[in-house]
Amino acid sequence: MARVELIGLDGDDTLWHSERYFATTQERIRSLLAPWADAETFDEALLATERANLARFGYGVKGFLLSTIETAIELTAGRVPATAIGHIIGWGKDLLDHPVELLDGVADVLAELASSHRLVLVTKGDLFHQETKVASSGLAGLFEAVHIVSEKDPDTYRRVLDAAGVEPAAFVMVGNSLRSDVLPAAEIGARGVHVPYQITWGLEQAELPESLMGRVVQLDRLTQLPGALGRLQ
């Protein structure tokens, strides 16, 4: 395999915590709507609404917030109190205002990688929120480019590589999501590094096809990445 020239890294739940804050908020909303629906019913309804709304609202807190309110209205047959909607909106604002918390060892390992490789950030979600996270993370200066995208698919990764002037064989994409970070990159001939997070959102769950197993490495933590690059090369 070719030498790794460019390393792409995901943001949410790869470099900094994200999903656990969503999980905490979702638990609060479950409790709020408990008089109308049990936890399983609420979770299933919310996931279905998020899936249906993805093409309209995209990823991130604002899409989650709108889908949650829509789900609350449907599950309560329109009887959800305005005060409950107010609580949901307030919790959504808390998600947007939450300070960035880097995963353990991320700052050091990125500084090590940046000394020997070109790095790009490829993250999806609400543009303003992701820009705020990148700016406050303290990591922006380590990346030669930041790509905030609406979806991660093979065409997205081709555009990233075209902008960098790098062939797929010389690119490695690193992230917590097989569906978004690893599989689309591997499909175009790049390599992938899967670093699972403690929680995986239902719409990001996927299985690694046998045909791509030779192009993907799984690590327990991002700090293992420098050592894994040798295996990928």
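Guide: Happy to! The count comes to 1 cavity of 30 Å³ or more, a cavity being a set of points on a 1 Å grid over the protein atoms alone where a 1.4 Å probe fits but cannot get out. This is a predicted model, in which local features need pLDDT of at least 70 and side-chain atom pairs pLDDT 80 or more, while totals for chains, interfaces and linings use all residues. Residues are numbered from 1 along each chain as its sequence is written, and side-chain values use heavy atoms, without hydrogens and water.

The largest cavity has a volume of about 90 Å³, taken as the space filled by probe spheres set on the points, which are joined across faces, edges and corners. Its lining (residues with an atom within 4 Å of a point) consists of Trp16, His17, Ser18, Tyr21, Phe22, Val61, Leu95, His98, Pro99, Val100, His129 and Lys133. Helices α1 (19-32) and α6 (127-137) each supply at least two residues of that lining; helices are DSSP runs of H or I of at least four residues, and strands are E runs of at least two. By class, the lining has 7 nonpolar, 4 polar and 1 charged residues.

Now for the sheet: it is open, with 6 strands in the order β3-β2-β1-β4-β5-β6 and parallel pairing, where pairing takes at least two DSSP bridges. At the edges are β3 (145-149) and β6 (216-218), each pairing on one side only. Further in, β4 (residues 171-175) and β5 (residues 191-194) pair in the parallel sense over 4 bridges, and valine 172 stands opposite arginine 191 in β5.

Conventions: 1 Å grid on protein atoms, 1.4 Å probe; cavity = no way out; pocket = protein on both sides within 12 Å on 5 of 7 lines; lining within 4 Å. Nonpolar A, V, L, I, M, F, W, Y, C, P; charged D, E, K, R; others polar.
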